[in-house]
Amino acid sequence: MNTRLAHALVCLYPGGWRQRYGAEFEALLIAGPGLSIAANVVCSAAREHLCPARGFDLNATGGPLHLLSARAPWALFGLAPVLLLAGAYTIASLILLSGWRIFLPQASSPFVPVHGTAILYFGVGRLLYFIAPLLVGWGIVLVAIRLRANGPWPVIGMVTIALLGGANQIMAARSVPSAMGHGRMHVAFELSSAASCFGLAHAGTLLAFTLLPYVLLQAYRVRLTLY
Amino acid sequence: MRSTRDVADIEEDPTLGHYSDPPLLVLASLANGPKHGHAMIEDIGRLCGTRPGPGTLYGAIGRLEQQGWIEPLAPEERRRPYRITAEGSRVLRARLCTLQRFVRAGLERLEAR
């Protein structure tokens, strides 16, 4: 294999792993058959990031996330995801509010059919609004797997994010009923919405999409640690 | 009874007989002496017909070393040989005995058909 390609492939692995095995692994790759083994190396590097071998993971030996996970798991898996979700909803609301003012100055609501560039502009805001709980949930999964967090906090964090994602609503109104008033927009978390079938189904779907990968990755990690 | 057709099927399609359990294969490869990565790949290929990819091999090496079942020796240029530890030999023997019982029982059932 080409020396540069071998070096690039080794760089895909976590730092701790590279320090221990990098030189000998690169020598093995250079002596290997070439591109046909690249996929195998990429998959193995991804696995080392997700489920690092104990002792070769820098985070597991006192990194800041590991310390936070040990001392204040409620902050890492509970508070931080909620703040991230709030930030994502704020950005989505600002995109929708600015789009309302730019593209629909006469409309009484931003939730009307749009055309041209407005489709892309509003699309970005809506995409962020709908996928934010999923992204935050997957973030919890990755951090929990990476840090080998086994307590209840990752699951509590995922359930909280799913409930917030299912219960929230963006509300838009003008201060004066006519089209001349200033537009206002805010994100509301309504229990009535969460209790409704749609809210519960939405929360359940979000939870399934985050909890399922978590369970599968935990099972995979346990299988790896059998050796 | 095992028919000649069954034997012919396996011989015609070598992939049917492949066995893939990288950590066990690494332990088995090191059972007759220390080896570095490339030698292990070649040896495992001869043992079971499947050559593990380098990523798979080093994933298994990392976990076996973490368990204390293999240990590194002094590097030879950039290649580092590994050898099986006493604990690794004990684990390998136990797993092979389990596999042997499993293989014997499975073949007996096939022959009883």
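Keep in mind that the model is predicted. In it, 22 residues of chain A are in contact with 18 residues of chain B.

**Where the chains touch**

- Let's start on chain B's side: helix 3 (37-48) and helix 4 (54-67) of chain B each supply at least two of the residues that touch chain A.
- Helix 4 of chain B gives the largest share of that side, with 10 residues.
- Sorted by class, the side of chain B that touches chain A has nine polar, five nonpolar and four charged residues.

**One helix pair across the chains**

- Two packed helices are described by the angle between their axes and the distance between the axes.
- Helix 3 (residues 38-50) of chain A and helix 4 of chain B have axes that come within 7 Å and cross at roughly 30 degrees.
- Angles under 35 degrees count as roughly parallel, so helix 3 of chain A is roughly parallel to helix 4 of chain B.
- Who does the touching? From helix 3 of chain A, the contact is made by Asn40(A), Val41(A), Cys43(A), Ser44(A), Ala45(A) and Arg47(A).
- From helix 4 of chain B come Pro54(B), Gly55(B), Thr56(B), Tyr58(B) and Gly59(B).
- By class, this contact has five nonpolar, five polar and one charged residues.

**A look at helix 3 of chain B**

- After helix 3 of chain B comes Gly49(B), with a positive phi near 85 degrees.

- Met1(A) sits in the segment before helix 1 (3-10) of chain A.
- Is Met1(A) buried or exposed? Met1(A) is buried, because 21 other C-beta atoms lie within 10 Å, and 20 or more is the cut-off.
- Met1(A) and Gly32(A) are 31 residues apart in sequence, yet their C-alpha atoms are 5.8 Å apart in space.
- Leaving out residues up to four places away in sequence, Met1(A) touches Ala6(A), Leu29(A), Ile30(A), Gly32(A) and Gly34(A).

Key: Residues numbered from 1 in each chain as written. Chains lettered and ligands numbered in written order. Predicted model: local features only at pLDDT ≥ 70, side-chain atom pairs only at ≥ 80, totals over all residues. Helix = DSSP H or I, 4+ residues; strand = E, 2+ residues; numbered from the N terminus. Buried ≥ 20, exposed ≤ 12 C-beta atoms within 10 Å, placed from the backbone. Contact = placed C-beta atoms within 7 Å. Nonpolar A, V, L, I, M, F, W, Y, C, P; charged D, E, K, R; others polar. Axes fitted to C-alpha atoms, helices over the stretch in contact; angles between N-to-C directions. Parallel < 35°, antiparallel > 145°, perpendicular 65-115°, else oblique.
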